Amino acid sequence: MNDTNWNYSDKVKEHFFNPKNVLKISEEKYKADGVGENGSPVCGDMMKIYIKVKDNRIYDLKWKTFGCASAIGSTSMLSEMVTANDGMELEEAMKIKPDDIIKELGGLPPNKIHCSVLGDKALRAAIKDYYRNSGQADKINTDKESRVVCHCLNVTEDEIKMEVLEGVKDFDTLQKRTKVSTACGKCEPEVRELVDKYVKKFYEKDIYSGE
Amino acid sequence: MIYLDNNATTPLHPKVKEKIIDFLDDYGNPSSQHEFGRKVRQMVEDARKNIADFLNCDPDEIIFTAGGSEANNTVIKGAVSCCAFCNVSNTHIITSAIEHPSVMNTLKCLEQQNVEVTYLPVDEYGLVNPKDVQNAIKKETALITIMYANNEIGTIQPMEEITKIANENNIPIHTDAVQAIGKIPVDLKKMSVDYLSLSGHKIYGPKGIGVLFRRKGTKSLCPLISGGHQENSMRAGTENTIGIIAMGEAIKQLNLEMNSDVKKIKYLRDKLESGLKKNISNISVNGHSEKRLPNVTNISFNDIEGEAILLRLDMHGVAISTGSACSSGSLDPSHVIIALNVSAEQAHSSIRFSLGRENTEEDIDKTIIAVTETVDFLRKISAI
Ligand SMILES: Cc1ncc(COP(=O)(O)O)c(C=O)c1O
Ligand code: FES
């Protein structure tokens, strides 16, 4: 794999050069029902998602992103996916995965995946924010539970996969970021296997097109 | 298209291009004794002399390599490790935190082989403090290698001072002058470094050709590529004759044009920098304001990310480069900008404009407009 791969799909380019649904007025004026944020400028990517909800559907979504072309392109793509056909139902939107966005974008170079996995997290945060604002906090724990791999530190397989998507490529780095396997250590062989599995899956080819 | 990435590489000088085309049929091997060989040998030696004249050294001190990276590798690896016969006992190297990857990663590799490396910090402008060099020296020190001028921010190191310290302590000193040559005067009689690296493609010559200067009388190095006796047995392999002849011509042109070119380039760089400062708020220039290459300005456009700027400028037909992580393929932004102790945010937002002899006033006017528009657009959609 080439480290600097500029093979952005036409879809990514289209959304990067002409981003859709950018928040153009002030937050106060927009009056979102839910706001979610993810990432940090220190890491080079940060995004904010604002949603409006009616009859359990996200009928409008606006966003702002600090980040590279694929971060901007993927947030724009996400905004279209969520608001198409009168808006997605909240439960369905909650389930959007990076892979879904990557698929819609027509694939991303592997070293760019980590810039693009923030959008769905920010969206989930916005939905949770909406639930809290509207007295429905009980709905927040409906996220599909993933299998717990490290029981001591409560790390799930999904989390490990996410870390790899965000750029972690070996066990030591994963451990630094999540503390996985730092207590009893029984889970270490399995965690190592999972890291290898996902690194292979996401970074093997020049373009990762989603599962 | 407007090309402002001359620190990455430069277009061929038209005279160099002409020289290459004229030479293409001269296929002789310079080691051959017949007429075919002798003719090319003469041309290779003429090229060597051009380079020696320009640097103010002896032609025997010029070794042709396959580029700047190879020249750097030859000195660094040769100083501490080679074959069983060399019996190298000194295994400590002093360098800076902002070297080019061809130095940095070579040293990282040697560290795995028990070579000790001291990475000297730089100040907020990218300058190495010569006192730190003095303090880092120990009896095991085999080499000091400090780049003459940095490729990303253009900061020029106090090489004469650092060289004096090395000389006084009898320690071999090398400088990577790949970015300095052709932009600032380099005189090897005035500055007595032992080794110096050059590259052809940064001075309007072709890629894949470089020069290692090795001062007469300094410790001989084990060649990186062993084999025949070419280049005084310092670099085996039939010479890259096209590259050598082209490099000789490129340097000849520098000798003729450098002074006037640099004056024009510096004027355009200053115009670009002040135009951007005037049009765009919340930006900062990385590097030293005076001790800096005349062709480069490295600017952080706060609150937006470098790769996004690069690609939008590319759409406007302006070619630049960035120190952001996103363009490097790793999770970390440029080690050079980070070494200046600026925030990671600022590093992700850094853009390098590097000018060359072909740039015009019109290029700069257009660039100022394109950058202003791009920054304005990206700041409007930024989450910060
Ligand atoms: C400072 C510096 N050193 C070394 C090199 C490597 O030169 P080359 O590309 O000829 O190997 C470069 C350019 O890439 C450079 O900017
Ligand atoms: S199960 Fe992971 S450390 Fe115990």
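Figure 1. B:E231 is buried, and its relative accessible area is 9%. Since this is a predicted model, each close-up in this set shows a computed arrangement. You will find B:E231 in the loop between β8 (210–214) and α7 of chain B. Its backbone deserves a look: B:E231 has a positive phi of about 50° although it is not a glycine. Now turn to B:N232, which is also placed in the loop between β8 and α7 of chain B. Phi of B:N232 is near 55°, again a positive value in a residue other than glycine. Is B:N232 buried or exposed? B:N232 is exposed, with a relative accessible area of 62%.

**Figure 2. Helices α1 and α7 of chain B cross.** Here helix α1 (residues 14–23) of chain B meets helix α7 (residues 241–279) of chain B, their axes coming within 9 Å and crossing at roughly 150°. Because of that angle, α1(B) is roughly antiparallel to α7(B). The crossing of α1(B) and α7(B) is right-handed. On the α1(B) side, the contact is made by B:K15, B:V16, B:K19, B:I20 and B:F23. On the α7(B) side, look for B:T241, B:I242, B:I245, B:A246, B:E249, B:A250 and B:Q253. Sorted by class, the residues of this contact are seven nonpolar, two polar and three charged.

Figure 3. Which residues of helix α4 (residues 101–111) of chain B are buried? They are B:S102, B:V103, B:M104, B:T106, B:L107 and B:L110. An α-helix has 3.6 residues a turn, so residues three or four places apart point the same way.

**Figure 4. A closer look at α3 beside α4 in chain B.** The axes of α3(B) and α4(B) come within 9 Å and cross at roughly 30°. That angle is why α3(B) counts as roughly parallel to α4(B). The crossing of the pair α3(B) and α4(B) is right-handed. From α3(B), the contact draws on B:S69, B:N72, B:N73, B:I76, B:K77 and B:V80. From α4(B), it draws on B:S102, B:V103, B:T106, B:L107 and B:L110. The contact of α3(B) with α4(B) has five nonpolar, five polar and one charged residue.

**Figure 5. A:H15 and its surroundings in chain A.** Moving to chain A, start with A:H15, found in helix α1 (residues 10–17) of chain A. A:H15 is buried, with a relative accessible area of 0%. What does A:H15 touch, not counting residues up to four places away in sequence? The answer is A:K20, A:I72, A:G73, A:S76, A:M77 and A:E80. Take A:S76 as an example: A:H15 and A:S76 are 61 residues apart in sequence, and 6.0 Å apart in space from C-alpha to C-alpha.

Figure 6. A:R192 lies in helix α9 (residues 188–203) of chain A. A:R192 is partly exposed, with a relative accessible area of 37%. Leaving aside its neighbours within four places in sequence, A:R192 is in contact with A:F171 and A:D172. Both of these partners sit in α8(A), where A:F171, A:D172 and A:L174 meet A:E188, A:V191, A:R192 and A:V195 of α9(A). By class, this contact of α8(A) with α9(A) has four nonpolar, no polar and three charged residues. The axes of helix α8 (residues 171–178) of chain A and α9(A) come within 10 Å and cross at roughly 110°. The two helices α8(A) and α9(A) are therefore roughly perpendicular to each other.

**Figure 7. Confidence along the chains.** The model scores ipTM 0.82 and pTM 0.86. Chain B averages a pLDDT of 94, with 97% of the residues scoring at least 70. For chain A the mean pLDDT is 84, and 91% of its residues reach 70 or more. Where in chain A is confidence lowest, and where is it highest? It is lowest in strand β6 (residues 155–156) of chain A, at a mean of 78, and highest in strand β3 (residues 57–66) of chain A, at 95.

Key. Residues are numbered from 1 along each chain as its sequence is written. Chains are lettered from A and ligands numbered from 1 in the order in which they are written. This is a predicted model: local features need pLDDT of at least 70, side-chain atom pairs count only at pLDDT 80 or more; totals for chains, interfaces and linings use all residues. Side-chain values use heavy atoms; hydrogens and water are left out. Buried means under 20% relative accessible area, exposed over 50%, partly exposed in between (1.4 Å probe, protein chains only). Helices (H or I, at least four residues) and strands (E, at least two) are DSSP runs, numbered from the N terminus. pLDDT is the predictor's confidence in each residue, from 0 to 100. Axes are lines fitted to C-alpha atoms, for helices over the stretch in contact, and angles run from 0 to 180 degrees between N-to-C directions. Angles under 35 degrees count as roughly parallel, over 145 as roughly antiparallel, 65 to 115 as roughly perpendicular and the rest as oblique. A crossing is left-handed if the near helix is turned anticlockwise from the far one by less than a right angle, and right-handed if clockwise. Contact means heavy atoms within 4.5 Å. Ala, Val, Leu, Ile, Met, Phe, Trp, Tyr, Cys and Pro count as nonpolar, Asp, Glu, Lys and Arg as charged, and the others, Gly among them, as polar.
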